[in-house]
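Thanks for coming. I will go through one structure, starting with the overall layout and then turning to charged side chains.

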Amino acid sequence: MKRIFLFLLFLFSINQSFGQSQEAQQLLLNVEKLSQLKGILSSMKKGYVVVSKGYNSVKNIAQGNFSLHEVFLDAMMLVSPEVKKYRRIGDIITAQSDIVSEYKSAFKWFNSGGNFTLSELDYLSKVYSQLFNQSLDNLDQLTMVITANKLRMTDDERLQAIDRIFADSQDKLMFLRSFNLKTNMLNIQRQKEKVDVAGTKQLYNLN
């Protein structure tokens, strides 16, 4: 009986030692996993800090660039004195004045001569009216270009725009003068024909 008791005690001690050994191994595994987890978390934190700093840097740079861009755009809304004093501005206004005075004078002359029919005078009026409206568009564009807070343009872009308006106003003035010249030639021809007819009639009556 004593031997059996000692044998059972031996088995219990072995089982207890084996159990303790398993607990110790499990504890070591848990410690190792915890250490790995800490390492992973530490790496994640470092990565977050790097990303966060990078994002903030990019954000700050972007905001800085936007501020500079905004200042640049605001500056483009202003018109420099050099642009306002550009000689082509006066040339455009002079061309507009010439268009108005020359078409009015020509139409008055053609209308009073009696050498054009009502439909022909109506056609002349429409040509002059369209030309006048287009020339007013040029003045509107010019006003936009040389007025502050209207358009975002650099000085060079404003000068180029003024040059384009000047070229267009000159084209319109040249067209008007060519049109008036041809119309006046027709007017003179018809007036001559009227004189010739009147002369012929007078000669016929005298005979």
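A helix here is a DSSP run of H or I with at least four residues, and a strand is a run of E with at least two, numbered from the N terminus. By that rule, the protein chain reads α-α-α-α-α from the N terminus on, which comes to five helices and zero strands. Please keep in mind that this is a predicted model.

Some totals next. The protein chain has 207 residues, of which 19% count as buried. Among contacts with a separation of 6 or more, 81% are between residues 24 or more positions apart.

Now the salt bridges. How many does a search of the whole structure find? The search finds seven. One of them joins the side chains of E102 and R177, at 2.8 Å from N to O. E102 lies in helix 3 and R177 in helix 5, so this pair ties together parts that are 75 residues apart in sequence. E102 is partly exposed at 23% relative accessibility, and R177 is partly exposed at 36%.

Another pair is D168 and K172, with the closest N and O atoms 2.5 Å apart. Both lie in helix 5, four residues apart, about one turn of the helix. Is K172 buried or exposed? K172 counts as buried, at 11% relative accessibility, while D168 is partly exposed at 28%.

Last, the surface. E82, D155, D156 and E157 form a negative patch. Helix 5 gives the most to this patch, with three residues.

Definitions and conventions:
Residues are numbered from 1 along each chain as its sequence is written. This is a predicted model: local features need pLDDT of at least 70, side-chain atom pairs count only at pLDDT 80 or more; totals for chains, interfaces and linings use all residues. Side-chain values use heavy atoms; hydrogens and water are left out. Patches are made of residues with over 30% relative accessible area and no salt bridge: like charges are joined within 9 Å, nonpolar side chains (Val, Leu, Ile, Met, Phe, Trp, Tyr) within 5 Å. Accessible areas come from the Shrake-Rupley method with a 1.4 Å probe; for residues, only the protein chains shown count as cover. A salt bridge is a side-chain nitrogen of Lys or Arg within 4 Å of a carboxyl oxygen of Asp or Glu. Lys and Arg count as positive and Asp and Glu as negative; His and the chain ends are not counted. The place of a charge is taken as NZ of Lys, CZ of Arg, CG of Asp or CD of Glu. Buried means under 20% relative accessible area, exposed over 50%, partly exposed in between (1.4 Å probe, protein chains only). Contact means heavy atoms within 4.5 Å.
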